[in-house]
Amino acid sequence: MSSVDLAPEHHGIRDTELDEISLHRRLAETWRTRPGLIGFLSSVDHKVIAKRYLITAFVFLCLAGLAAVVMRIQLSGPERGLIGPDLYNQIFTMHGATMMFLFAVPMVQAVGLYLVPLMVGTRNIAFPRLAAFSYWIYLSGGLFLWVSFALNTGPDVGWFAYVPLSGPEFSPGKRADTWAQMITYTEVSSLAVAVATIVTVFKQRAPGMSLDRIPLFVWAMLVTSFVVIFAMPAVMIASTFLILDRLVGTHIFNPAEGGDALLFQHLFWFFGHPEVYIIFLPATGMVSAIIPTFARRPVFGYLALVLSLIAVGILSFGLWVHHMFATGLPKLGASFFTASSMLIAIPNGIQIFCWLGTLWEGGRPRLNTPLLFVFGFFFTFVAGGLTGVMLASVPLDLQVHDTYFVVAHFHYVLIGGSVFPLLGATYYWFPKLTGRMMSERLGRWHFWLALIGFNAAFFPMHIVGLWGMPRRVYTYPVELGWGGINLFISAGAVVFFLSFVLFVINLVWSATKGDVAGENPWDAGTLEWATSSPPPSYNFARIPVVTHQEPLWAEREVLPVAGGLRVDAREVLISTIAEAKPDIREKSARPSIWPLFAALTVGATFLYSIFTPWAVVWGALPITISLVGWFWPKGAPEDEE
Amino acid sequence: MRRGLGWIAALSGSILAGCNGVQSALDPKGPAADELANLIWLFTVLCAVIWVLVMAVLVTIMLRRRQRRIHPLHVDQASERTVSRVVISAVAATGIVLVALTLLSFFANRTLAGVGEDAVLTIRLTGQQWWWEVKYENAEPSKILTTANEIHIPAGEQVRLVLQSDDVIHSFWVPSLHGKLDLIPGVVNSLTLKADKPGVYRGQCAEFCGLQHAHMAMLVIAQPRADFDAWYADQLRDAAQPLTEEQSTGRDLFLDRPCVMCHRIQGTTAGGTTGPDLTHVASRRTLAAGTLQMSRGSLAAWIADPQSIKWGAKMPVMNLTGDELNAIVAYLENLK
């Protein structure tokens with residue numbers, strides 16, 4: 001079988017009627033991003049939007065990383081005076097908020113935005129204009145935060161912004177409002193991407209890609225997107241209540257008027273713990289993509305891995321109280337959360353064991369940089385996971401909570417569990433994005449420098465935490481004897497930072513001078529490698545038909561394809577949810593400038609609303625206008641049917 | 001096991017046993033911290049063993065001599081089943097370890113909750129930005145004692161600590177004696193503190209509470225019972241009378257200036273309660289919640305310019321001449 005023909009229709013030109021050359025020409029004409037500034041701002045190509053996301057998130061990573069370096073210099077010795085408490089508090093808040101909201105979540109979602117449509121074999125993400133809108137909102141939220149910081153109104157209440165400290169009485173001025181609205185921007189954008197991802201995975205998979213043939217990275221993005229949808233509203237409620245307390249004069253969090261300060265923590269951590277898994281699950285998907293390629297065999301325990309992903313996604317909502325053990329909650333209730341926090345180690349353990357099983361059963365692994373970073377992931381993440389088990393214990397947590405031990409723990413989990421896989425993923429998919437390989441030699445240097453720098457910086461933090469050093473202090477007295485170890489930590493941080501300098505050099509050098517990569521340089525098995533590098537605007541000339549979990553390994557010669565889509569209009573194939581049988585043809589939205597206008601009006605409303613609640617009323621008007629523009633019937637040929 | 005890995009504790013102990021007391025979870029000086037330190041070591045050893053096992057598998061994978069695979073989809077069913085069994089056993093082992101750790105943690109928590117039924121005294125600790133108000137409760141109003149940043153307790157006896165906050169959330173943490181417990185506005189928490197031996201144990205606020213979170217320390221000073229009773233009786237007395245002309249001038253200045261708006265000195269008309277009680281300020285070891293060692297120089301520096309020492313502290317700069325400053329310092333220095 002080489003093609004599945006769909007029922008013929010009368011309108012338009014179909015791919016079945018064209019030879020290869022005219023097919024490419026027609027599709028390129030239909031799907032291209034138009035030239036010029038307007039074309040640039042109107043693009044709805046998921047790859048274009050994702051690349052913008054990736055670059056922006058990387059810039060924020062660098063900014064937040066610089067903030068970390070400043071903190072480390074300040075803490076490199078006791079009673080140092082590089083920066084005072086006011087700036088230090090802003091910087092540690094900026095570091096945390098940027099890393100979580102402007103780097104980690106957007107970064108993993110962007111990788112999904114780029115890869116998911118390619119991996120499921122479709123031409124574009126679902127709701128592409130929504131995806132474009134989400135990028136502009138994200139960009140304006142990030143600019144809003146960092147411009148505020150430059151104007152000395154950067155938030156200084158921690159990325160968690162506990163009340164009453166962030167409330168109207170103890171944080172006068174606009175700094176805490178900046179935090180609250182930054183949350184709103186970034187959550188709106190990540191919710192939008194989550195919705196688009198879910199619909200793409202459910203309805204736009206290539207024919208034959210039944211649920212048991214979905215690549216694990218796509219499964220990870222699917223579960224993550226659901227976690228986003230259920231977790232993000234909690235923090236938006238928390239930040240909105242905070243804004244109401246600060247701006248409208250409600251007393252939701254004011255105990256003196258019957259409010260409850262702890263409510264904020266419950267709402268925040270009901271989001272905050274799943275947030276960790278929003279960052280971590282996509283990384284497991286990347287590991288699940290890299291390991292089979294380098295072990296040269298399908299992943300061991302596919303079903304177990306999928307079920308583990310889902311289990312982690314669900315269980316992540318039952319752990320939030322372990323961030324609040326020191327608040328004096330009832331002991332039995334706290335013990336329940338010890339048990340649930342321990343429980344999540346089981347699906348995570350299953351994942352680790354299945355990956356090790358894959359490597360064990362695979363051939364001699366090719367030790368290229370992507371796999372090196374996966375080994376770095378094992379080395380650090382397993383340690384971070386185990387200290388997580390320690391934190392799950394109520395009594396043990398009471399000694400290490402809010403100390404440098406916790407700082408060490410979550411950097412092992414977030415950097416080890418997410419940044420290392422992301423770096424591996426960069427080396428792995430860079431050829432697909434740019435058409436060029438990254439330098440292996442620089443890559444090896446980068447890996448070892450990163451691994452050594454990271455562990456030198458963060459391992460000693462466990463010890464200094466147990467020695468009694470609390471988090472979020474801008475300095476510490478000489479006589480406690482923490483000076484030497486902190487100097488060592490700072491030196492490690494500088495090495496870790498330098499590894500990123502090397503990474504940037506590698507990126508720039510490889511993008512222009514790297515070896516040319518073919519379609520499938522690693523001989524991998526999933527669909528994103530079935531198209532040119534970089535992929536054309538329409539992703540695939542003909543929609544592939546999937547017969548196996550690793551379609552490119554199953555069909556070594558020619559990939560079977562489905563025909564019947566129009567090439568003179570943006571058509572995508574909609575398939576059934578479980579078995580991915582071809583169902584209907586559907587139009588994908590054309591480029592439009594309106595998502596940008598909508599994002600500008602929404603962003604302006606958010607910005608204005610840190611000054612007056614009336615912003616919501618006045619802002620509704622331009623938002624309505626931009627939405628009317630967005631959804632205005634075009635009368636274009638493709639909308640006639 | 002503890003001794004084998006105890007070098008960290010030993011090292012930290014030797015470094016930290018300075019004049020300001022110890023502040024280390026690995027250097028327990030009371031039953032609660034002891035229990036917790038045992039738990040920390042147990043978890044650490046178990047976790048380290050698991051980590052080493054996983055890494056051993058990884059290293060074996062890298063070092064084994066195997067063929068590169070030509071056909072990626074060719075899978076040997078027999079060895080697949082073996083791996084399957086190994087993975088299932090590993091998951092089961094993980095489950096057993098986790099259940100064991102959960103139970104351990106549960107029982108440790110119960111032990112900690114169990115102590116403290118027979119506390120000999122109750123101390124109400126109120127968190128303030130950025131110092132601690134310490135109030136010894138007593139049925140007799142004349143025996144209620146208020147002090148700041150220093151908690152004296154009788155060694156070897158259980159003391160109940162009631163924790164509350166007047167402004168933002170703080171957290172009580174004296175690692176050598178007890179784990180953390182938050183001080184939350186609108187909530188009253190309590191814990192039982194016991195120091196096995198006399199000594200000075202340092203603690204500091206462990207919940208981010210604003211600008212000077214870093215400078216919000218306290219000392220727990222455990223004394224033999226007799227010393228404690230003597231200290232208590234001493235602290236109940238009115239403030240010392242000025243002994244010299246300069247001290248008397250200092251007192252008059254203190255009572256004349258805005259100092260009295262915030263500070264209380266028992267036996268005088270100074271009755272402010274928003275700042276620390278100064279009735280026996282010179283008997284304390286530190287100033288400004290552990291920021292400075294108590295001395296004449298520190299007192300003078302603090303009063304002359306508190307903002308350059310602890311920027312953001314609620315203590316304003318008073319415009320005092322050199323003589324006025326000296327007089328006030330002389331007066332306060334006498335308030336033992």
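**Domains, strands and contacts**

Mentor: By an automatic or database assignment, chain B is divided into domain 1 (24-58 + 84-113), domain 2 (121-236) and domain 3 (245-333). Please keep in mind throughout that this is a predicted model.

Trainee: What distance separates the centres of domain 2 of chain B and domain 3 of chain B?

Mentor: The centres are taken over C-alpha atoms. On that basis, the separation between domain 2 of chain B and domain 3 of chain B is 22 Å.

Trainee: Which elements of chain B give two or more residues to the side of domain 2 that touches domain 3?

Mentor: The contact draws 18 residues from domain 2 of chain B and 15 residues from domain 3 of chain B. The residues on the side of domain 2 of chain B comprise nine nonpolar, eight polar and one charged. The elements of chain B that give two or more residues to this side are β2 (131-136), β3 (145-148) and β10.

Trainee: In which sense do β4(B) and strand β10 of chain B pair?

Mentor: Strand β10 covers residues 217-223 of chain B, and five bridges join it to β4(B). Within this pairing, E150(B) stands opposite L219(B), and H152(B) stands opposite I221(B). The sense of the pairing between β4(B) and β10(B) is parallel.

Trainee: Which residue of strand β9 of chain B stands opposite I221(B)?

Mentor: Strand β9 (residues 199-204) of chain B pairs with β10(B) over six bridges, in the antiparallel sense. In β10(B), the residue opposite I221(B) is V200(B).

Trainee: Why is β10(B) described as largely enclosed by the rest of the structure?

Mentor: A residue counts as buried if 20 or more other C-beta atoms lie within 10 Å of its own. Strand β4 (residues 150-154) of chain B has four of its five residues buried, so it is largely enclosed by the rest of the structure. The description applies to β10(B) because the number of its seven residues that are buried is six.

Trainee: Let us turn to chain A. What radius of gyration does chain A have?

Mentor: Chain A has 19 helices and five strands, and its C-alpha trace spans about 80 × 65 × 50 Å along the principal axes. Of its 641 residues, 60% count as buried. A compact globule of 641 residues would have a radius of gyration near 26 Å, which agrees with the value for chain A, 25 Å.

Trainee: Which elements of chain A are included in what covers the buried residues of α9(A)?

Mentor: Helix α9 (residues 302-315) of chain A has 14 residues and reaches 20 Å from its first C-alpha to its last, close to the 20 Å expected. Its buried residues include Y302(A), L305(A), L309(A) and V312(A). Their cover includes, from chain A, α7 (216-248), α8, α10 and α11.

Trainee: Which helix supplies the largest share of the side of chain A that touches chain B?

Mentor: The contact takes 75 residues from chain A and 72 residues from chain B. Several helices of chain A each supply at least two residues of this side, among them α4 (85-120), α8 (261-295) and α12 (369-392). The largest share, twelve residues, comes from α11(A).

Trainee: How many residues of the side of chain A that touches chain B are nonpolar?

Mentor: The residues on this side of chain A are divided into nonpolar, polar and charged. There are 20 polar and eleven charged residues, and the number of nonpolar residues is 44.

Note on methods. Residues are numbered from 1 along each chain as its sequence is written. Chains are lettered from A and ligands numbered from 1 in the order in which they are written. This is a predicted model: local features need pLDDT of at least 70, side-chain atom pairs count only at pLDDT 80 or more; totals for chains, interfaces and linings use all residues. Two residues are in contact if their C-beta atoms, placed from the backbone, lie within 7 Å. Ala, Val, Leu, Ile, Met, Phe, Trp, Tyr, Cys and Pro count as nonpolar, Asp, Glu, Lys and Arg as charged, and the others, Gly among them, as polar. The radius of gyration is taken over C-alpha atoms; the globule rule is 2.2 Å times the number of residues to the power 0.38. A residue is buried if 20 or more other C-beta atoms lie within 10 Å of its own, exposed if 12 or fewer, and partly exposed in between; C-beta atoms are placed from the backbone. Two strands pair if DSSP finds at least two bridges between them. Domain bounds come from an automatic or database domain assignment. The expected span of a helix is 1.5 Å times one less than its number of residues.
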